[in-house]
Amino acid sequence: MLTVVLGPNGAGKSTLLRILAGELRETYNRIRINGRLLEHFSPQEAALQRAVLTQHYSVNLPFSCEEIIMMGRYPHFRHAPAAPDMAIVRECMEETGVSAFAKRLFNTLSGGEQQRVQLTRVLTQLYPGTRKSSWRQKMLLLDEPTSSMDYPYQHRCMQLLRQLARKGCTVVAVLHDLNLAAQYADMILLLRDGHLLHDAAPAEVLQPHLVSLAYGMDIDVLHPDAYPFPLLLPALHDHSSITQPVKTNHYAYPHQPLAER
Ligand SMILES: Nc1ncnc2c1ncn2[C@@H]1O[C@H](COP(=O)(O)OP(=O)(O)OP(=O)(O)O)[C@@H](O)[C@H]1O
C-alpha cells in the first residue's frame with residue numbers, strides 16, 4: 001500500500017514519520033513492525049525491515065555516489081559487498097537514473113540529483129537479496145522524496161514507489177504536491193495542527209471542503225474526463241487566499257528525538 005501524508009507546514013507530517021521510524025524516545029517502545037516491537041529488533045534487523053529517507057542528508061566526507069548507495073547494502077554483508085550486492089546497486093541506479101553519476105562525488109551533485117542518489121540508497125537497503133526474502137512486510141518511509149526533483153523524475157519516483165507497494169512493501173511518503181498524491185496514493189492521511197483530519201482513499205479525502213479546511217485556502221477539485229484521478233487547483237473565485245497561508249495553532253512538540261538524548 002502506498003500511503004501519502006498531506007497537510008500544511010507544521011501539521012506534524014515529519015513527526016509522524018519519525019514516530020513510525022522509531023526515532024522519538026517517547027514512542028519508540030510502542031512501534032511494531034509486523035506485530036513485533038521495534039525495540040526487540042537489533043539495529044541490523046531493523047535496517048533490513050525498514051528504511052527511512054529524510055529531508056536533510058548532508059554528507060561531509062568525499063564519498064562517491066556509488067559509495068553512498070552501497071551504504072544501503074551495509075546491513076546485508078559483513079566485510080565486503082558480494083556480487084549480488086553490486087548487482088542490486090547497479091539495478092537500483094538504473095531505476096532511478098543515477099548510473100551516470102556513479103563515480104561523481106556526492107557533494108558535487110545538484111539538489112535533485114542528490115535526492116535521487118539518496119532514494120537509490122534506501123531502495124538498495126530494502127531490496128530483497130535472497131530468494132527467501134521479498135518486498136513483503138518491508139516498510140519504506142520517505143519525507144518529501146520528490147521535493148527537489150524535476151517534473152519527469154517526480155513521476156518516475158512516484159511510479160517506483162507504487163511498484164514497490166504493489167510488490168507488498170508498505171510505503172509511507174510525506175508530500176506537498178496534492179496532485180501527485182491524487183494520482184498515486186492508495187490511501188491519504190490528511191493532517192493539520194498535529195491531528196488527523198481524515199484518512200481514506202484519495203477520492204474520499206480529496207474533497208474541496210476537506211483540503212480547503214486543512215490548508216486554510218479554497219481549493220477546487222476538478223474531475224477531467226480523460227483522467228482517472230482528480231486535479232487540484234487554487235479556487236478561481238478566491239485568489240486572495242493564496243497569499244494568506246493557514247494559521248496553525250502550534251501545539252507542543254511532544255518528544256525529543258533519540259539522537260538528541
Ligand atoms: N525537535 C523539535 N523540537 C520542538 N518542536 C519541534 C521539533 N520538531 C518539530 N517540531 C514542531 O512540531 C510541529 C510539527 O513539525 P513537523 O516537522 O512534523 O511538521 P511538518 O508537517 O512535517 O511540516 P513541514 O511541511 O513544514 O515540513 C512544528 O510546529 C514544529 O515546529
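**Close-ups of a predicted model**

**View 1. Helices α5 and α6 make a right-handed crossing.** Right-handed means that the near helix is turned clockwise from the far one by less than a right angle, left-handed anticlockwise. This is a predicted model, where local features need pLDDT of at least 70, side-chain atom pairs count only at pLDDT 80 or more, and totals for chains, interfaces and linings use all residues. Residues are numbered from 1 along each chain as its sequence is written. Axes are fitted to C-alpha atoms, for helices over the stretch in contact, with angles of 0 to 180 degrees between N-to-C directions. On the α5 side, the meeting residues are Ile 88, Val 89, Cys 92, Met 93, Glu 95 and Thr 96. Their partners in α6 are Arg 116, Leu 119, Thr 120, Leu 123 and Thr 124 (contact: C-beta atoms, placed from the backbone, within 7 Å).

**View 2. Met 71 sits in the loop between α4 (65–70) and α5 (83–96).** Helices (H or I, at least four residues) and strands (E, at least two) are DSSP runs, numbered from the N terminus. Met 71 is partly exposed, because 13 other C-beta atoms lie within 10 Å (buried is 20 or more, exposed 12 or fewer, with C-beta atoms placed from the backbone). Val 89 is 18 residues away from Met 71 along the chain, yet their C-alpha atoms are 9.8 Å apart.

**View 3. Six strands line up as an open sheet.** Read across, the order is β4-β5-β6-β1-β7-β8, and the pairing is mixed (a pair needs at least two DSSP bridges). At the edges you'll find β4 (50–53) and β8 (195–200), each pairing on one side only. Ignoring direction, neighbouring strands are turned by 15° against each other on average.

**View 4. Strands β7 and β8 run antiparallel.** Here 5 bridges join β7 (residues 187–192) to β8. Look for Leu 190, which stands opposite His 198 in β8. Helix α10 (residues 208–215) lies across β7 and β8, at about 155° to β8.

**View 5. Helix α1 (residues 13–21) has several buried residues.** They are Lys 13, Leu 16, Leu 17, Arg 18, Leu 20 and Ala 21. This set packs against β1 (2–6), β4, β5 (139–143), β6 (170–174) and β7. Just past the helix, Gly 22 has a positive phi of about 80°.

Note on methods: Two residues are in contact if their C-beta atoms, placed from the backbone, lie within 7 Å.
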